[in-house]
Amino acid sequence: MRASLIQVAVDEGESTASRRTRVASLVRDQAGVADLVMLPELWTTGAFAYQRFADEAEPIDGPTHETMAKAASDAGVWLHAGSIPERDPDGSLYNTSLLFSPSGELTAAYRKIHRFGFDQGEAVLMGAGTELRTVRLAGTTAGLATCYDLRFPELFRGLVDAGAEVLLLSAGWPERRRAHWTLLAQARAVENQAFVLACGTAGTHAGVPQAGHSIVVDPWGEVLAQAGAEEEVLTVEFDPAKVATVREQFPALKDRVLGLAAPRH
Ligand SMILES: O=C(O)CCC(=O)C(=O)O
């Protein structure tokens, strides 16, 4: 499988509409290059541009869906189109990832479960997703996660229990915590014996420089590829069958002890 992670620069000087058109063209450029293309979290607005979420929120079948479904089918690729600020018909907002098949059908939508910001920003503006999402694609099972989710190992264990071999994470991770990004991506890969493909943003928006450094890690924890700080398309080839080999040769997942009792005081 070949995957291209498009590390989009989200800068304030570019309008959402023009970024959408530009990114669709980058997706189309992946025709014949990649089987799977990934975009970052909230690349239309910027993950830290909280004041834009309500104004630019769109329904699942809104303009980003329309543009990206077409880009996926034009390129003939699986497209994890990153996330959008979604407005539910009941008015609430969610940080929702969209995944399209090579014929442009929406195959999965994942509402981010762990909202970032503690008692401000996304954590108060958006609702929390409640359901894990896995998708069968290109002969493997992918599990979906978004940005801050990376800090919560139990979410990834849930995806692995549901059959995930490839973990797809869209993010808008800040430069300030870049060391955590790389460390946690490798940790999630090693502990789950799964590929991790983590696509972040470049540029600076809302005064927050983004980390870039999108990364692909194999089930043994080796970094197969990592981007730099600027906008970049990171293409990598990997064999999802390596997951079964690693899990067979080093069957640590079979040694899990579930339902441990709480300590006695
Ligand atoms: O956990 C972090 O350090 C970054 C999380 C984040 O920026 C987000 O989820 O939008």
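User: At what angle do the axes of helix α1 (residues 16–28) and helix α3 (residues 63–75) cross?

Analyst: The axes of α1 and α3 cross at roughly 20° and come within 8 Å of each other. Here an axis is a line fitted to C-alpha atoms, for helices over the stretch in contact, and angles run from 0 to 180 degrees between N-to-C directions. Helices (H or I, at least four residues) and strands (E, at least two) are DSSP runs numbered from the N terminus. This is a predicted model, in which local features need pLDDT of at least 70 and side-chain atom pairs count only at pLDDT 80 or more, while totals for chains, interfaces and linings use all residues. Residues are numbered from 1 along each chain as its sequence is written.

User: What is the orientation of α1 and α3 to each other?

Analyst: Angles under 35 degrees count as roughly parallel, over 145 as roughly antiparallel, 65 to 115 as roughly perpendicular, and the rest as oblique. The helices α1 and α3 are therefore roughly parallel to each other. Their crossing is right-handed; a crossing is so called if the near helix is turned clockwise from the far one by less than a right angle, and left-handed if anticlockwise.

User: Which residues of α1 and α3 make the contact?

Analyst: Two residues are in contact if their C-beta atoms, placed from the backbone, lie within 7 Å. From α1 come R20, A24, V27 and R28, and from α3 come P63, T64, T67, M68, A71, A72, D74 and A75. Sorted by class, these comprise seven nonpolar, two polar and three charged residues. Ala, Val, Leu, Ile, Met, Phe, Trp, Tyr, Cys and Pro count as nonpolar, Asp, Glu, Lys and Arg as charged, and the others, Gly among them, as polar.

User: At what angle do helix α5 (residues 153–161) and α6 pack?

Analyst: The angle between α5 and α6 is about 40°, and their axes are 10 Å apart. That makes α5 oblique to α6. The crossing of α5 and α6 is right-handed. In α5, P153, F156, R157 and V160 meet R188, E191 and N192 of α6. The contact between α5 and α6 has three nonpolar, one polar and three charged residues.

User: Which residues in the largest nonpolar core touch the most other members?

Analyst: In soluble globular proteins, nonpolar side chains tend to be buried together. A nonpolar core is a set of buried Ala, Val, Leu, Ile, Met, Phe, Trp, Tyr and Cys residues joined through C-beta atoms within 7 Å. The largest one in this model has 71 residues, and M38, L79, L167, V196 and L197 touch the most other members. Residues up to four places away in sequence aside, L167 touches G143, A145, F156, L159, R188, N192, A194, F195 and V196.

User: Is A47 buried or exposed?

Analyst: A residue is buried if 20 or more other C-beta atoms lie within 10 Å of its own, exposed if 12 or fewer, and partly exposed in between, with C-beta atoms placed from the backbone. A47 is buried, having 32 other C-beta atoms within 10 Å. A47 lies in the loop between β2 (36–38) and α2. Its C-alpha atom is 5.5 Å from that of G172, although A47 and G172 are 125 residues apart along the chain. Beyond its neighbours within four places in sequence, A47 is in contact with E41, L42, C147 and G172.

User: Why does K254 count as exposed?

Analyst: K254 counts as exposed because it has 8 C-beta neighbours inside 10 Å. K254 belongs to the segment after α7 (242–249). A separation of 44 Å divides the C-alpha atoms of K254 and G91, 163 residues apart along the chain.

User: With which residues is E58 in contact?

Analyst: Apart from neighbours within four places in sequence, E58 is in contact with P63, T64, I84, E86 and R87. Of these, I84 is 26 residues from E58 along the chain, with the two C-alpha atoms separated by 7.5 Å. E58 sits in the loop between α2 (50–56) and α3. E58 is partly exposed, with 17 other C-beta atoms within 10 Å.

User: Where is A138, which has a positive phi?

Analyst: Most residues other than glycine have a negative phi. A138 is not a glycine, yet its phi is positive, at about 45°. A138 is located in the loop between β6 (134–137) and β7 (140–146). With 15 other C-beta atoms within 10 Å, A138 is partly exposed.

User: Where is Q193 found?

Analyst: Q193 is in the loop between α6 (178–192) and β9 (195–199). Q193, a residue other than glycine, has a positive phi near 50°. Q193 is buried, with 24 other C-beta atoms within 10 Å.
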